[in-house]
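Hello,

Here is the structure I promised to pass on, with some notes on what turned up in it. Have a look at it first, and then read on below.

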Amino acid sequence: MSILATLHARARVLFPGVLVSILVALSAQFVAEHYGAPAMLMALLFGIALNFLSTEGPCGAGIQWGAKTVLRFGVALLGLRISVSMISDLGIGLVSLVILGVVATIGFGLLMGPRLGHGPRFSFLTAGSVAICGASAAMAIAAILPKDDRSEQRLVFTVVGVTLLSTIAMVLYPIIATAMGLDEQSIGVFLGATIHDVAQVVGAGFSVSDQTGETATLIKLFRVAMLAPVVVVASMVVRAYVPASDDGGSRPPILPVFVVGFIVLAALNSFVSLPVAVTEWAGAVSRWALLTSIAAVGMKTSLRDVAQVGGAAIALIVAETIFLALFVTAGLAFLPT
């Protein structure tokens with residue numbers, strides 16, 4: 001069989017599942033635009049309602065492909081939103097605050113998780129998603145962790161948790177920051193360094209002022225840039241300490257391909273003057289890829305399984321969120337902007 005015939009046969013197998021994932025993503029975006037609901041959360045919930053499609057009929061293979069390959073493509077494209085000049089514009093003080101916030105929050109999660117009955121996988125998954133960029137980070141981190149029979153429910157719970165907390169923070173954090181007497185730039189730093197998802201950071205920042213919104217978005221994009229080094233380090237740790245046969249999972253490569261793509265595209269955006277239309281197009285494609293993949297993840301997940309995660313998991317992700325907010329607040333007192 002020729003390569004073209006093989007690709008055609010593969011595409012026919014994947015098409016039904018990929019198509020339904022795209023339709024769910026489109027439905028979620030429609031609800032988000034018309035009713036103000038978070039698109040990621042809507043895609044996940046709509047997907048969960050269609051869980052039967054992943055186990056019955058012709059959609060299973062395409063849904064599986066969408067949850068894995070499309071996800072990694074979307075994460076790699078995030079690199080075009082990052083550049084060296086963007087980071088240098090922040091200054092050493094703010095760069096240090098963001099890096100320390102990410103590291104400290106992940107460390108806090110790894111220490112707190114076992115005290116609440118959770119292992120290092122779930123602790124790192126939730127802490128990384130809180131520390132870096134919410135649902136996108138959760139999916140990227142899940143992609144490099146060894147898989148077991150609870151991997152999907154952990155991921156879905158984390159995405160739901162960080163999205164809901166981001167939405168709550170989008171409303172409450174500007175009020176809290178204003179009450180603390182911070183100026184507009186400092187409020188932007190606080191919002192960008194503490195709210196989990198990019199969309200909610202933008203919403204919260206520009207609800208205060210244009211300056212606050214621009215500062216918050218810049219800080220948030222730097223947090224997104226932290227995704228690559230965190231995933232690389234995590235991959236190395238997993239390879240070193242988790243046996244390949246652990247819970248039936250396999251160790252990730254030292255440098256996952258999608259992380260290589262992220263780094264290459266970030267370098268390209270740093271050293272080549274790309275047209276604004278190209279970076280905007282890449283951002284839109286990345287967002288749609290992530291939305292489609294989270295719809296596929298939802299369709300692979302049973303709501304009954306997610307409900308079994310329990311109250312201790314809720315306590316962990318809330319504690320990580322509060323820790324990050326307190327850490328950044330303390331940092332702003334020592335690093336005035």
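Let me start with arginine 154: apart from its neighbours within four places in sequence, its contacts (heavy atoms within 4.5 Å) are Arg121, Phe122, Leu125 and Asp148. Arginine 154 lies in helix α8, residues 151–179. Helices here are DSSP runs (H or I, at least four residues; strands are E, at least two), numbered from the N terminus. With a relative accessible area of 14%, arginine 154 is buried. By that I mean under 20% relative accessible area, with exposed being over 50% and partly exposed in between (1.4 Å probe, protein chains only).

Before you go further, a word on the basis of all this. The model is predicted, so local features need pLDDT of at least 70 and side-chain atom pairs count only at pLDDT 80 or more, while totals for chains, interfaces and linings use all residues. Residues are numbered from 1 along each chain as its sequence is written, and side-chain values use heavy atoms, with hydrogens and water left out.

**The core**

The largest nonpolar core holds 94 residues, and those with the most contacts inside it are Ile82, Ile132, Leu191, Phe222, Phe258 and Ile294. Helix α7, residues 135–144, gives the most to this core, with 9 residues. A nonpolar core, as used here, is a set of buried Ala, Val, Leu, Ile, Met, Phe, Trp, Tyr and Cys residues joined through side-chain atoms within 4.5 Å. Helix α7 is largely enclosed by the rest of the structure, because 10 of its 10 residues are buried. Among them are Ser136, Met139, Ile141 and Ile144.

Met139 is one of the buried residues of α7.

Glycine 17 is part of helix α1, residues 3–35, and is buried at 0% relative accessibility. Beyond its neighbours within four places in sequence, glycine 17 is in contact with Cys59, Gly62 and Ile63. The C-alpha atoms of glycine 17 and alanine 61 are separated by 6.5 Å, although the two are 44 residues apart along the chain.

Glycine 188 belongs to helix α9, residues 184–194, and is buried too, with a relative accessible area of 0%. Its contacts, leaving aside neighbours within four places in sequence, are Thr212, Thr215 and Ala216.

Glycine 298 sits in helix α14, residues 276–299, and counts as buried at 0% relative accessibility. From glycine 298 to glycine 93, 205 residues away in sequence, the C-alpha to C-alpha distance is 40 Å.

**Cysteines**

In case you are wondering about disulfides, the structure holds 0 of them, a disulfide being a pair of cysteine sulfur atoms within 2.5 Å. Cysteine 59 counts as buried at 10% relative accessibility, and cysteine 133 is buried with a relative accessible area of 3%.

**On the surface**

Which residues form a nonpolar patch on the surface? They are Phe15, Leu19, Ile22, Leu23, Leu26 and Trp288, with about 540 Å² of accessible area together. The largest share of the patch, 5 residues, comes from α1, the helix that also holds glycine 17. Isoleucine 22, found in α1, is partly exposed at 35% relative accessibility.

For the cut-offs, patches are made of residues with over 30% relative accessible area and no salt bridge; like charges are joined within 9 Å, and nonpolar side chains (Val, Leu, Ile, Met, Phe, Trp, Tyr) within 5 Å. A salt bridge is a side-chain nitrogen of Lys or Arg within 4 Å of a carboxyl oxygen of Asp or Glu. Accessible areas come from the Shrake-Rupley method with a 1.4 Å probe, and for residues only the protein chains shown count as cover.

Lastly, phenylalanine 327 lies in helix α16, residues 311–334, and is partly exposed, with a relative accessible area of 25%. Not counting residues up to four places away in sequence, phenylalanine 327 touches Leu97, Leu100, Gly101 and Ala104. Phenylalanine 327 and glycine 109 are 218 residues apart in sequence and 13 Å apart in space, C-alpha to C-alpha.

Best wishes
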